[in-house]
Amino acid sequence: MTSFFGRSKTPRPNKRSPTPTGSLSRENSMTEGSSGPGGGTGVSTGEGGASKPLYLCSPFADAALVSGNFKTIVTLPKYTDIMEWVAVNIFDFYTNLNEFYGAITECCTQSSCPTMSAGPSLNYMWTTPERKQISLSAPTYIDSVMSSVQNLLDDENVFPTRSGQEFNSQTFPVTIKHIYRQFLRIFAHIYHAHFETILHLRAEPHFNSLFAHFLAFGKEYQLLEERDIKGEAGVPVGVGLLWERWKESGKLEH
């Protein structure tokens, strides 16, 4: 398993961050959110008891742009600094996830999604800079995440682009894990609340491929906590069942 260790840095071109959609809340910093009232994963019930979500049904669950194993495209290329590789991929995940959310944003409103939900009883809480947990509507939560991540991407102290400037090997992995977990929650919300819209757009192969790539990358670089994707024992989160399905089919692992 690859992890964050210092290697020689290779330059990468300057990036340009897309602007997140919707009205942004820039007062929130990129602090760690929690799930449910008790913190942690906070899963009190799973998808069981409800009808099976469309994203877990054939043929939708298996629709993808590519066949084969996603692990092959996340492997660190030779002579590439691992933090450069992670940074570039996080930027790509940000860009693509932001574009997908932009396509369904008219369906994700204050009234349709009053909480950041990813399951029948799974609501993600936002943690303010003062460490206070508050409930936000899904569009406010997602815009807060995207705004915070864009600010980080534009910060040369976090994502350096100038020649000779190094990543901070102590803080960069922690920052990336925070970003990764928040992206995972956005994926989970879209699957739970807006997959029907994804189907109407005929975009499920694209969205499934992006999520499978995201999961394979997180597993390869130890960004993914399995309890975040799977939920607590006996009360699985829906996207956790999708994760298990793809693992069993060989999409995520050799």
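## Helix packing and selected residues in a predicted model

At 12% relative accessibility, S117 counts as buried, where buried means under 20% relative accessible area, exposed over 50% and partly exposed in between, with a 1.4 Å probe and protein chains only. This is a predicted model in which local features need pLDDT of at least 70 and side-chain atom pairs count only at pLDDT 80 or more, while totals for chains, interfaces and linings use all residues. Residues are numbered from 1 along each chain as its sequence is written, and side-chain values use heavy atoms, with hydrogens and water left out.

**Overall organisation**

The protein contains seven helices and six strands; helices (H or I, at least four residues) and strands (E, at least two) are DSSP runs, numbered from the N terminus. Read from the N terminus, the order of these elements is β-α-α-β-β-β-α-α-α-α-β-β-α. Of the 254 residues of the protein, 53% count as buried. Contact is taken to mean heavy atoms within 4.5 Å. Among contacts between residues at least 6 apart in sequence, 79% join residues at least 24 apart.

Helix 2 has 23 residues, and its first and last C-alpha atoms are 33 Å apart, close to the 33 Å expected at 1.5 Å a residue. The expected span of a helix is 1.5 Å times one less than its number of residues. Since 17 of its 23 residues are buried, helix 2 is largely enclosed by the rest of the structure.

Helix 5 (residues 204–220) has 17 residues, which at 1.5 Å a residue should span 24 Å; the end C-alpha atoms are 24 Å apart, in agreement. Helix 5 is mostly covered, with 15 of its 17 residues buried. Q222, which follows helix 5, has a positive phi, near 55°.

Two packed helices are described by the angle between their axes and the distance between the axes. Axes are lines fitted to C-alpha atoms, for helices over the stretch in contact, and angles run from 0 to 180 degrees between N-to-C directions.

| Helix pair | Axis separation | Angle |
|---|---|---|
| Helix 2 (residues 82–104) and helix 4 (residues 172–200) | within 11 Å | roughly 25° |
| Helix 2 and helix 5 | 11 Å | about 155° |

The crossing of helix 2 and helix 4 is left-handed; a crossing is left-handed if the near helix is turned anticlockwise from the far one by less than a right angle, and right-handed if clockwise. On the helix 2 side, this contact is made by M83, V86, A87, I90, F93, Y94, L97, F100, Y101 and I104, and helix 4 contributes F172, I176, I179, Y180, F183, I186, F187, I190, H194, T197 and I198. By class, the contact of helix 2 with helix 4 comprises 19 nonpolar, two polar and no charged residues. Ala, Val, Leu, Ile, Met, Phe, Trp, Tyr, Cys and Pro count as nonpolar, Asp, Glu, Lys and Arg as charged, and the others, Gly among them, as polar.

Helix 2 and helix 5 also cross in a left-handed sense. Their contact is made by W85, V86, N89, F93, N96, L97 and F100 of helix 2, together with H206, F207, L210, H213, F214 and F217 of helix 5. The residues of the contact of helix 2 with helix 5 are nine nonpolar, four polar and no charged.

**Individual residues**

S117 is found in strand 2 (residues 117–119). Leaving aside residues up to four places away in sequence, S117 touches L122, N123, H189 and H192.

C113 lies in the loop between helix 2 and strand 2 and, at 6% relative accessibility, counts as buried. Beyond residues up to four places away in sequence, C113 touches C107, C108, S137, A138, P139, H189, A193 and H194. A193 belongs to helix 4 and counts as partly exposed at 36% relative accessibility. The C-alpha atoms of C113 and A193 are separated by 8.0 Å, although these residues are 80 residues apart along the chain.

F91 lies in helix 2 and counts as buried at 16% relative accessibility. F91 and L153 are 62 residues apart in sequence, with a C-alpha to C-alpha separation of 7.5 Å.
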